[in-house]
Amino acid sequence: MIFGMVDNALLSLVKVAIPASTVVVLCALGVMLAERVGVLNLGQEGLIGIGAVYAVIAATDWGVGSPWISMLVGMVAAATAGAIFAVVVVVFRANQILTGLALAIGGIGLSNQLGVNRNGTPIRTLFAEINPGGRFTSNAFLETFFFHDPIVYIAYILLPAAFWFLLFRTRHGMNMKAVGENPASADAAGVNVTWARIGYSVAGASLAGAGGAYMVLTFTPMWAPDIARGRGWIALAVVIFGAWRPFRVVAGALLYGAMISLGMTAQARNWNLPFLGPRDLSFFLSMIPYLVTIVAILIPAGAARFGRRVRSTSAPGGLAVPYSREER
Amino acid sequence: MRSFRLERQLDLDPRRAALYRVAGALCALVLGALVLVVTGRNPAWILWQALDAIFGRQRGIEGVVLRAIPILMTALAVALSLRMRIWNIGSDGQFLAGAFAAVGVGINLDAPGWVMLLAMAAAGTLAGAVWILIPALARAYWGVNEIITTLLLNFVAVQLCAWAALGFWRDEGAWAIQSTEAIKDTLPKIPGTESLTIALLFPLVIAGALWWVFRSTRAGYEIDMIGGNPKAAAFAGINVPRRVVAVMLVTGAIAGLGGMIHLAGSPGAQQLNSGFSAQYGLSGFIVAAIAGGSFLGLVVGGFLIAGMFFSGLVLQTRGLSVYIILALYGIILIGVAVGEMAARYRLVRAESEVAARRST
């Protein structure tokens, strides 16, 4: 059996990496959508927090029994914040970088404030893993990939496939890309630039909210201050690494989860290295996801620089540039 | 028929822009106050408590000034990069890296006091510059987004300092908060004050120096030129990537030096622990955003935001969470962004076409 040759340690690493990355996958797919129509939303960190805290409020204070509804509440809350952002940057044409950072800072503050009395309250209505049963349980390899909650399958397969189809196989997707690359010509061709940008900003924000909700409804599963811990920024980086293509973005996000999972495994198994004791190792490994992400976003630029033939890895031409008809 | 329409202005008067940014921030604060009213808090009471926290106690004003120093240093770092349209969002990380290096020198070296202080300052400055080196090179030569790289390094710096405090430089005797050992040599006090040291002079001198650089030197002019239009600057013979790297390294160095002077100049901050930087970089960023490119406006804004920050800390002991300050920061920034945009437009009375034709 080929499966038997794959080391069990590696499999358990992957088993943890998949749910650990789900937050980043969801958030990064949302970032990708908004950036494809030319909107750069740096506020992901805040949106994850808002989505998470409202999911917690729904699950605990309101006593919502279904995690799906709690997640929906988180998504709506994040989408509302995203709508405010979209109006400010698309209609008022304010600086996207500044407004995005405002959303990141304000969102963290707001979510932490709302979460003050909810620190550490365990959440009971969680997404349960799907047990496919039968022969799946007998095989470590299959077990690694097929025992997850439904959100994992949605984030890793359903959404990227849908977005791939949307972007590369439909007229609407062509229009989206045109709005992101060159809004003036999209406008001339009859595409409503304003509504495309607002719509996909809001959709992207709701996905970040879904990511935050997933954290508290499955991964942690409880509220803690500064819940995003850089995942929003990592999602933004992963989109660059993934060259704004759905499945590459997912692959990039999985890299992050692998690093997180490495740290967790090292801690759980009390790894001992010659120069680093277990405690030092865990500090060291906690830096690795951020460092690996930085390296990852250098890769496309570096590859382009050193003359490797790569498919387009550059950002949409109109990214973060406000559009107004009078000034084209 | 008289109707009004918005007209975009081609050249922007910096004073008008500054006025609009401040107005935007103030409108945002009013909006924030309304939100507080809606959520059942009394903003007038909060404002009164805040003013009381600063002016009602003897140490209040000195407390504000002590917070203003790290905020101003990180704000200077951000503001300098903004002159070039570059966003160094990692000033908090560079600040921590500077403090980290300074602690390393301070607890491992033994020399006369002034030698120690010079060595620590050099180490802090260098560490801040090193911390931004990769983002600077990547931005200048490969065009890699500096916002994300500098920001991600903040998280690395936080982890590094936590590691130092709990691991390799841990002070075994510390009991309340786990921290590194404390440095022994501190900056000299300003006579007549209770807690202020000459650390206060650093941001003021650097702000003055930068103001002079941009007013009357060629380097400042070239930086502004790159900020205005990098292609035109390159065409005029400026080596843009090299300038970008140089400026970014200087911004890192300023923030790193900020970490060192906070370590050696703020009472009770002589060791690294989890609370060493209360996200000063964040406050510094707000200050730089409000001030735009003006270094003198930055000093004024720095003290204002430090006042807000300090009163937030005091209010925390009176039952208000510090997170509200963060939320207010976000609202203020949106106000600044909208104000900045609004300054570019002017409401003009558009005469009808017939009237316009008749008048000519």
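Start by selecting R243(B): in this predicted model its relative accessible area is 28%, so it counts as partly exposed.

Is it buried or exposed? At a relative accessible area of 9%, E222(B) is buried, because the cut-off for that is under 20%.

Next, select R218(B). E222(B) forms a salt bridge with this residue as well, and here the closest N and O atoms are 2.8 Å apart. R218(B) and E222(B) both belong to helix α9 of chain B, four residues apart, or about one turn of the helix. R218(B) is exposed, at 66% relative accessibility. Show R218(B), E222(B) and R243(B) together and you have a network of salt bridges.

Keep α9 of chain B on screen and pick D224(B). Its side chain meets that of R83(B) in a salt bridge, 2.8 Å from N to O. This pair links distant parts of the chain: D224(B) is in helix α9 (residues 218–228), while R83(B) is in the loop between α3 (60–82) and α4 (91–108) of chain B, 141 residues away. D224(B) is partly exposed, with a relative accessible area of 28%. Over all chains, the salt bridges come to five.

How many cavities of 30 Å³ or more does a search of the whole structure find? There are two.

For the largest, select V39, V89, V90, R93, Q96, V193, T194, R197, P322 and Y323, all with chain A: V39(A) to Y323(A) in that list line the cavity. It holds about 80 Å³ of space. Two elements of chain A give two or more residues to this lining, α4 (67–91) and α10 (193–219), and α10(A) gives the most, with three. The lining divides into six nonpolar, two polar and two charged residues.

Last stop: the second largest cavity, with about 50 Å³ of space. Select V238(A), F241(A), G252(A), L255(A), Y256(A), V292(A), T293(A) and A296(A) to show its lining. Helices α11 (231–241), α12 (246–269) and α13 (278–305) of chain A each give two or more residues. Here the lining has six nonpolar, two polar and no charged residues.

How values were computed:
Residues are numbered from 1 along each chain as its sequence is written. Chains are lettered from A and ligands numbered from 1 in the order in which they are written. This is a predicted model: local features need pLDDT of at least 70, side-chain atom pairs count only at pLDDT 80 or more; totals for chains, interfaces and linings use all residues. Side-chain values use heavy atoms; hydrogens and water are left out. On a 1 Å grid over the protein atoms alone, a cavity is a set of points where a 1.4 Å probe fits but cannot get out, and a pocket is an open set with protein on both sides within 12 Å along at least five of seven lines; lining residues have an atom within 4 Å of a point. Grid points are joined across faces, edges and corners, and a volume is the space filled by probe spheres set on the points. Ala, Val, Leu, Ile, Met, Phe, Trp, Tyr, Cys and Pro count as nonpolar, Asp, Glu, Lys and Arg as charged, and the others, Gly among them, as polar. A salt bridge is a side-chain nitrogen of Lys or Arg within 4 Å of a carboxyl oxygen of Asp or Glu. Buried means under 20% relative accessible area, exposed over 50%, partly exposed in between (1.4 Å probe, protein chains only).
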